[in-house]
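Q: Hi! I have this one open on my screen and would like to walk through a few spots with you. Could we start with a strand pairing?

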Amino acid sequence: MISLMLGLLMLMLMLLHGVVTFPLELNPPRVVVRYGDSVSVNCSTSATDHDGMGWEATFGGISLEQDVNVVTWTVDNLTDWTIEPKCYINLIDGEQPSIVLPVILYKTPDRVSISVLNHSGPMVEGTQYQLQCDIQNTAPLQNLVVKWYKGNETLDIVTYSNRPEDVSATLMISPNRNDDGAQYRCRAELDLGPEGPQPHPTVTSEPLSITVHYAPEFLPGNDTVEVSAGSDVSLDCSAEGNPPPELRWTNNTAEGNAIETTVGRLRNLNISRVTANATYNCTVTNRLGSITKQIHVLVDVPPQQHPTMFSTAPSTPDTMTTLPGTAKPKVVTFPLELNPPRVVVRYGDSVSVNCSTSATDHDGMGWEATFGGISLEQDVNVVTWTVDNLTDWTIEPKCYINLIDGEQPSIVLPVILYKTPDRVSISVLNHSGPMVEGTQYQLQCDIQNIAPLQNLVVKWYKGNETLDIVTYSNRPEDVSATLMISPNRNDDGAQYRCRAELDLGPEGPQPHPTVTSEPLSITVHYAPEFLPGNDTVEVSAGSDVSLDCSAEGNPPPELRWTNNTAEGNAIETTVGRLRNLNISRVTANATYNCTVTNRLGSITKQIHVLVDVPPQQHPTMFSTAPSTPDTMTTLPGTAKPKVVTFPLELNPPRVVVRYGDSVSVNCSTSATDHDGMGWEATFGGISLEQDVNVVTWTVDNLTDWTIEPKCYINLIDGEQPSIVLPVILYKTPDRVSISVLNHSGPMVEGTQYQLQCDIQNIAPLQNLVVKWYKGNETLDIVTYSNVSNRPEDVSATLMISPNRNDDGAQYRCRAELDLGPEGPQPHPTVTSEPLSITVHYAPKFLLGNDTVEVSAGSDVSLNCSAEGNPPPEMKWNYTAARNVKLSTEGRQRTVRITTATSTNAGIYICTATNIVGTATRTTTLLTMKGGSSSIIYRYLVIVVVFLVVLVVLIVFCRRKKRQGHYDFIPVNQPNNVPMMPMSTTGEGNHDPEGYPTKV
């Protein structure tokens, strides 16, 4: 029994020990504070026996206070985004429990605004538009909620998170023919600093192989071929291109038998039994281009029979983030040291770090951490923090030591937890299949599920060549959210708003802090549509009838009636959307066509009037279905409706007024018996005047954009006919300017650029005409369908692809208001300052390929000049000789050959190069046999040269023998004697006579 009681007592003690209350409590337990506001939190203890309490914080910290049960952390102006205040207590058993106060510091946005992207003015039904909500300078982003409204209807809710997961990087490429078959890869690399894995953790995409299509280009080959009469000849027209080009031969003579052969890129024309000179044209073509070159066949006949050759010019159809070096501050010796000082750990791996002290006298050491924490240990100099499976993204382990003077130094272990991506892939955006040379494409690298983003480096490769390095940052400040809308006619006048809301949890302000944009009201234009109504009306002979052609549309549609008889009197009436034709005294069947039109469309329907007469007299009626352009009844050209005269007339019937100018309009009547006339208007209205036939509406300074003056008359039968004066108030733009979008500096020939014309503060928009000019040539005319009666800013664009003839061209844009025949003549216009462009273009030779004949012993000059921008550099390539010299005059580079010999015969190639491209021109030099005097002279020169060389060798050998010095090169040793091959460029290291010079 005693043992049982002792067991129960021990069990009670164990249970009591297991539920010991934590000695610290925060009130409130967490805080949400507006940036710059004050904050105050109490930390209290239920422990009755302790050595003191305090707060550790970057701001508002409180040192150890004894004999207290509450310590209060207070900050008057909280601006530290990373603050983590910690309350601690020193218990008498040496333990030091602590608790961190969760703080959320937030800031409402400076401004929230809503706008329509890439559009101004009314919207068109069925067309998509994009709204943008701009939220400036808000935090924390992970608590942001953006809500979209139409009226009071919630359309969409968008939330955010700053824990990145999927990332996309892009690269612009412009492949050329050399890139056909190239492989592109992208690599995701985590640069985690010197403590991270070496080499860096990387994942590389599968290679992306591309196919590049390009226009044909001839391979090097002779343009002139010499052959003996009656012999066979093979002409080479080899070319490369993708897709492989097709070949076509033409020539200026039917002489000879020709057979074409093709082996790979080699394209030959084999001609047998050639007897006369001929020129062959070789044309190679694929879907990207066509080029032609001429090959001249010269038959060996006396010189005077050689034909004059044509020009042989080829024809045409006309971030990895670089971490700064760690600056190590000079500090007082700190009692704690971590080994390693920081760690980089793969998600889910184990980690172990030692914390040691140099202090010999202390009350204990420990680790504070959400995982792997170690309580206070005494009489030790090392404590080890260990976690077998680290998965806490926010862990901040802290090692601490209690010194005997009451201080508690601590050190936080920097931990970077990383995860390599699940997958990295590469693709081409918005394209599939082969690529075309010179066209830009966009590659996308998709990197899935990677962290931390700020350590990510994306590298782009072509083969093994590094193309680009991209780095990332995850500290967002300004945010934009988008919403796609497709309004219909029911949305006309709808108001859109966006709201930025910070959901900071139950501890945050209630209701949530929000900032809402000003409402955006939209106008929706839509084509006319008939309201329900009868298409056939039956009436007794001699009765009156009212035909209904009511329709709705925006802008309000115009109505036009036509009929196939002049019988009856008709008056049109309009009340809102109701459109009626009132016809009196109907005596015969008739068909009336009602057409309603606005700028978005036009519809027509037929209304048949059937008069009640004996059956045999009824005419055959047309189908009463609403007509279309294929089914509409065609009325005789002379059938005009008879309309009752309207009692009011305006003079002028409509006005066009410049903003701020005066205006005056008379309203007169032909009625002799009425009770008075007047004008209704927001400005210049005239109350009822009796015994007058004219009332004049006048405004000295018209500035009301929506004014609709209405003249009315009171007839004695109680009717009040009225007529609205159409007023167009206009304003010429404050400024018109022209610029190039997304480009500065010179343009490159054949490349597309976009010009933008900015027109500021103009009205009305529907009367605006924008004209584009190059010099005095009209390039484009742009009109606007958006209806807006108030001044707006407008931008018009023009795509240009300049060529070399456009270098120095001046572009202008002109804003013109075409206000109709009542408007000012000529139309009011404002023109931009001219935009002068500079066009860079590849070199082009002024002359084509050539063949030059020279008699042996004669002098000849080969000229080469080209135009290009920037001016090209000119180079000749030829076999060097002492009788060949170069000279330059302006853009012309000349090869001068004196006393030509057969060794000078061959191909001389001139190359022109600038930053845009390279062009090549060949000149074939043919030397003709000279007379006997030339032969004798040539042999004489050879003999003299031979004698001079012989004398020099004899003198040289004797001199070496007198010196008694010899150099031997063993036959079994490498020969390091430098050799000097003959240059083939003609522009290498040569002296003026053509000999190699020492370097």
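A: Happy to. In β8, Ile99 is the bridge partner of Cys87. Keep in mind that this is a predicted model.

Q: How do β7 and β8 pair, and over how many bridges?
A: They run antiparallel, with three bridges between β7 and strand β8, which covers residues 98-100.

Q: What about the turn in that hairpin, which residue has a positive phi?
A: That is Gly94, with a positive phi near 90 degrees. The hairpin of β7 and β8 has six residues between the strands.

Q: Which other strand pairs with β7?
A: Strand β4, residues 50-56, pairs with β7 in the antiparallel sense, and here there are five bridges. As one example from that pairing, His50 stands opposite Leu91 in β7.

Q: Is β7 mostly covered or mostly open?
A: Mostly covered: six of its six residues are buried.

Q: Which residues of β7 point which way?
A: Lys86, Tyr88 and Asn90 point one way, while Cys87, Ile89 and Leu91 point the other way. Residues on both sides are buried, and that includes Lys86.

Q: Back to Cys87 then. What does it form a disulfide with?
A: Its partner is Cys43, with an S to S distance of 1.9 Å. The pair links distant parts of the chain, as Cys43 is in strand β3 (residues 39-45) and Cys87 is in strand β7 (residues 86-91), 44 residues apart.

Q: Which hand does that disulfide have, and why?
A: It is left-handed, because the torsion about the S-S bond of Cys43 and Cys87 is about -80 degrees.

Q: And are those two cysteines buried or exposed?
A: Both Cys43 and Cys87 are buried.

Q: How many disulfides are there by this rule?
A: The count comes to seven disulfides. Cys667 and Cys711 form one of them, with their sulfur atoms 1.9 Å apart.

Q: Left-handed or right-handed?
A: Left-handed, since the torsion about the S-S bond of Cys237 and Cys282 is about -80 degrees. Cys237 counts as buried because its relative accessibility is 0%, and Cys282 counts as buried at 0% too.

Q: Change of topic: where is Glu226?
A: Glu226 is in strand β20, residues 224-227.

Q: Buried or exposed, and why?
A: Exposed, because Glu226 has a relative accessible area of 55%, and exposed means over 50%.

Q: What does Glu226 touch, leaving out residues up to four places away in sequence?
A: Glu226 touches Leu298 and Leu926.

Q: How far is Glu226 from Val297? What's the gap in sequence and in space?
A: Glu226 and Val297 are 71 residues apart in sequence and 6.0 Å apart in space, C-alpha to C-alpha.

Key
Residues are numbered from 1 along each chain as its sequence is written. This is a predicted model: local features need pLDDT of at least 70, side-chain atom pairs count only at pLDDT 80 or more; totals for chains, interfaces and linings use all residues. Side-chain values use heavy atoms; hydrogens and water are left out. Helices (H or I, at least four residues) and strands (E, at least two) are DSSP runs, numbered from the N terminus. Buried means under 20% relative accessible area, exposed over 50%, partly exposed in between (1.4 Å probe, protein chains only). Contact means heavy atoms within 4.5 Å. A disulfide is a pair of cysteine sulfur atoms within 2.5 Å. Two strands pair if DSSP finds at least two bridges between them.
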